[in-house]
Amino acid sequence: MNVTVIGTGYVGLVSGVCYAEKGNHVICVDKDVSKIERLRSGEIPIYEPGLKELADSNTAAGRLSFTDDLTEAMALADVVIIAVGTPPLPNGEADMRFVELVAREIGYALNGYKVVVVKSTVPVGTNERVRGIVAAISDYPFDIASVPEFLREGSAVKDTLNPDRIVIGSESTRAAEVLTSLHKPFTDQLIMTDIRSAEMIKYASNAFLATKISFINEIANICEKVGADVTEVAHGMGLDRRIGSSFLRAGIGYGGSCFPKDTKALIQIAGNVEYDFKLLKSVVEVNQHQRYGVIDKLKRALGSMHGRRIAIWGLAFKPETDDVREAPAIEIIESLLALGAIPRVTDPIAVENFRSLLNHPSIEWCDSALDAAKQCDAVCLLTEWDDYTKLDLKEVERVMASPILIDGRNAISKEQLEGTLFAYYPVGRPMMNIEDIAIHELI
């Protein structure tokens, strides 16, 4: 099948490459000429395990190509996929300018029957707006459909090639048949529904997962006060099939491009129909507050933060990605700077992206976890990269001014800490060696 994917951001590029991997002929389109040239030369502008290898092999096989010419890309297309960004506006609503611009360009480039698919995360009713824009410009027949994406950064290729389910929203039997044929090689779990329900499934799914994260973080905060271990609590909960074990790992909260954006957008969608989504508002509030627990623990361990050297292990919002959008590290480091501390930061791949967001003169940029920890008063693990979780902590202890470890991801085991003097502050788990250091009043 001939597939045109408009937008070579995270969703568009991964989707395009994976459609090609399943034997389709795919053209990825982007208006950024320099980006297209980089893609043609084999450069992948995002970090995603396995993506470059698949892109290279499918380009070599002639199934994948890149262009900035939408009209050319649509000429032979059977399916045209809109995968452009929908960034949040200041009020939390999704910015639909790019989707609407692409819809107009599709209308002008249409040259025969196509199935136009919206894969971007969009508010309910967007597909109908796209249909109206295209129909107002072109007399050629077309159908509209919603096929939301559910990929996770860091495992996006795997998620796309082996999805739990694929949701197809369409009112057209012809479009449904085309999209069934396109997606059948990925999975038998094809969910056929109306367009508005498909649009809502994406937001509802992300909102529910965000809710699980905030819920277990609230439980972790209570565990700290009553002396329970949230990892044991989460394990016991997760064995209940009605609950499940996924997204029950306590820490410093979610980040990235999806959960923060989609939860706020759904709150706005509800508000637009005069519904106050109290539960989801609380989810967002809990998530924002959770990351400051790192600062509270540092204050407890050190007292005044002024002039303190604090190692920060991890800047990306999760491992196996260079995405720092809405990463907890942003607020944590900003708070450290406001308190007069000196952050020594490191990340395996996300340093440059983070530096583009926050490049304060007091930040010291380091090449490795051990380098960042040198002469530091404490270390904060914010992203559970293997580079950090598998370190020899005795070696880390030797280079630090004082052995204090704030584990924001509960990634360090009791066994790893044995034989060290680290004062260990996890999230919702028992602390270790706290009696061996001076405890100060919170300031």
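Reader: Okay, helix 6 and helix 9: which residues meet there?
Author: From helix 6 you have Thr126, Asn127, Glu128 and Arg131, and they meet Ile195, Arg196 and Glu199 in helix 9. Contact here means heavy atoms within 4.5 Å. By class, that contact has 1 nonpolar, 2 polar and 4 charged residues. Nonpolar covers Ala, Val, Leu, Ile, Met, Phe, Trp, Tyr, Cys and Pro; charged covers Asp, Glu, Lys and Arg; the others, Gly among them, are polar.

Reader: Before I go on, what kind of model is this?
Author: A predicted one, where local features need pLDDT of at least 70 and side-chain atom pairs count only at pLDDT 80 or more, while totals for chains, interfaces and linings use all residues. Residues are numbered from 1 along each chain as its sequence is written, and side-chain values use heavy atoms, with hydrogens and water left out.

Reader: Back to those helices. At what angle do helix 6 and helix 9 pack?
Author: About 130°, with the axes 8 Å apart; helix 6 is residues 126-137 and helix 9 is residues 195-226. The axes are lines fitted to C-alpha atoms over the stretch in contact, and angles run from 0 to 180 degrees between N-to-C directions.

Reader: So what do you call helix 6 relative to helix 9?
Author: Oblique, because of that angle. Under 35 degrees counts as roughly parallel, over 145 as roughly antiparallel, 65 to 115 as roughly perpendicular, and the rest as oblique.

Reader: What does tyrosine 203 touch?
Author: Leaving out residues up to four places away in sequence, tyrosine 203 touches Ala94, Thr121, Val122, Pro123, Asp262, Ala265, Leu266 and Ile269. Tyrosine 203 and isoleucine 269 are 66 residues apart in sequence and 9.9 Å apart in space, C-alpha to C-alpha.

Reader: Switching to threonine 67. Where does that sit?
Author: In strand 3, residues 64-67. Threonine 67 is buried, with a relative accessible area of 6%. Its contacts, beyond four places away in sequence, are Ile27, Cys28, Val29, Asp30, Ile36, Arg40, Glu72 and Ala73.

Reader: And helix 13, how many of its residues are buried?
Author: 8 of 10, so helix 13 (residues 293-302) is mostly covered. The buried ones include Val294, Ile295, Leu298 and Leu302, along with Lys297 and Lys299. Just after helix 13, glycine 303 takes a positive phi of about 75°.

Reader: Which residue other than glycine has a phi near 50°?
Author: Asparagine 410. Most residues other than glycine have a negative phi. Asparagine 410 lies in the loop between strand 13 (404-407) and helix 19 (414-417), and it counts as buried at 11% relative accessibility. Glutamine 375 also has a positive phi, near 60°, and its place is the loop between helix 16 (369-373) and strand 12 (378-381).

Reader: Zooming out, how many helices and strands does the protein have?
Author: 19 helices and 14 strands. They're DSSP runs numbered from the N terminus: H or I of at least four residues for helices, E of at least two for strands.

How values were computed. Buried < 20%, exposed > 50% of the residue type's maximum accessible area, 1.4 Å probe, protein only.
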